[in-house]
Amino acid sequence: VTGASFVVFNGALKTSSGFLAKSSIVEDGLMVQITRETMESLRQALRDKKDFRITCGKTDTGDVKEYVDICWVENEDKTNKG
C-alpha cells in the first residue's frame, strides 16, 4: 500500500511496450502509465462512480503483483486524511 499526495494517469503507454501498465513514484505522488483503451475504461468507471483496478506489469509474465485500485468509499472517516 502506497500513500500519495496526488495521482497522475498517463494514457500514452503503447500496447507494443510489452507492459499492461506501469506505476512509479514521482515526487510525493504516483504516476500510472496506461494504454489508451485502459484510459477510456477508467474514465467511464469514474463517470459511473465504480471501482476500477489497473494491473501493472509485463504482458508476458503470469506473476503480476502490482495493482492500482481506485475505490469509492461510503464513509470518509476511514480514508487517509493526510
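1. Which residue is the bridge partner of Ser23 in strand 3? The bridge partner of Ser23 there is Val32. Two strands are said to pair if DSSP finds at least two bridges between them. The model is predicted, and local features need pLDDT of at least 70, side-chain atom pairs count only at pLDDT 80 or more, and totals for chains, interfaces and linings use all residues. Residues are numbered from 1 along each chain as its sequence is written, and side-chain values use heavy atoms, with hydrogens and water left out.

2. Overall arrangement. The protein chain contains 1 helix and 5 strands, and the pattern along the sequence reads β-β-β-α-β-β. Helices (H or I, at least four residues) and strands (E, at least two) are DSSP runs, numbered from the N terminus. Of the contacts with a separation of 6 or more in the protein chain, 39% are between residues 24 or more positions apart; contact means heavy atoms within 4.5 Å.

3. Strand 3 and its partners. Phe9 stands opposite Val32 of strand 3. Strand 2 (residues 19-26) pairs with strand 3 in the antiparallel sense, over 6 bridges. Apart from neighbours within four places in sequence, Val32 is in contact with Val7, Val8, Phe9, Asn10, Lys22, Ser23, Ile54 and Val68.

4. Burial and core. In the protein chain of 82 residues, 21% count as buried. Buried means under 20% relative accessible area, exposed over 50%, and partly exposed in between (1.4 Å probe, protein chains only). The largest nonpolar core has 12 residues, including Val32, Met39, Phe52 and Val68. Two or more residues of this core come from each of strand 3 (29-34), helix 1, strand 4 (52-58) and strand 5 (66-70). A nonpolar core is a set of buried Ala, Val, Leu, Ile, Met, Phe, Trp, Tyr and Cys residues joined through side-chain atoms within 4.5 Å.

5. Thr35 lies in the loop between strand 3 and helix 1. Thr35 counts as buried because its relative accessible area is 8%. Leaving aside neighbours within four places in sequence, Thr35 is in contact with Gly11, Leu13, Thr15 and Leu20.

6. Helix 1. Arg47 belongs to helix 1 (residues 36-47), and its relative accessibility is 57%, so Arg47 counts as exposed. The side chains of Arg47 and Gln44 are joined by a polar contact of 3.1 Å. A polar contact is a pair of N or O atoms within 3.5 Å; within protein, one must be able to donate a hydrogen and the other to accept it, and residues adjacent in sequence count only if both atoms are side-chain atoms.

7. Positive phi values. Most residues other than glycine have a negative phi. Glu27, in the loop between strand 2 and strand 3, has a positive phi near 50°. The hairpin of these strands has 2 residues between them. Glu27 is exposed because its relative accessibility is 73%. Lys49, in the loop between helix 1 and strand 4, has a positive phi near 55°. With a relative accessibility of 59%, Lys49 also counts as exposed.

8. Charges over rings. The charged end of Lys22 sits over the ring of Phe19, 5.0 Å from its centre. The charged end of Arg53 sits over the ring of Tyr67, 4.0 Å from its centre. The rule requires NZ of Lys or CZ of Arg within 6 Å of the ring centre and within 35 degrees of the ring normal.
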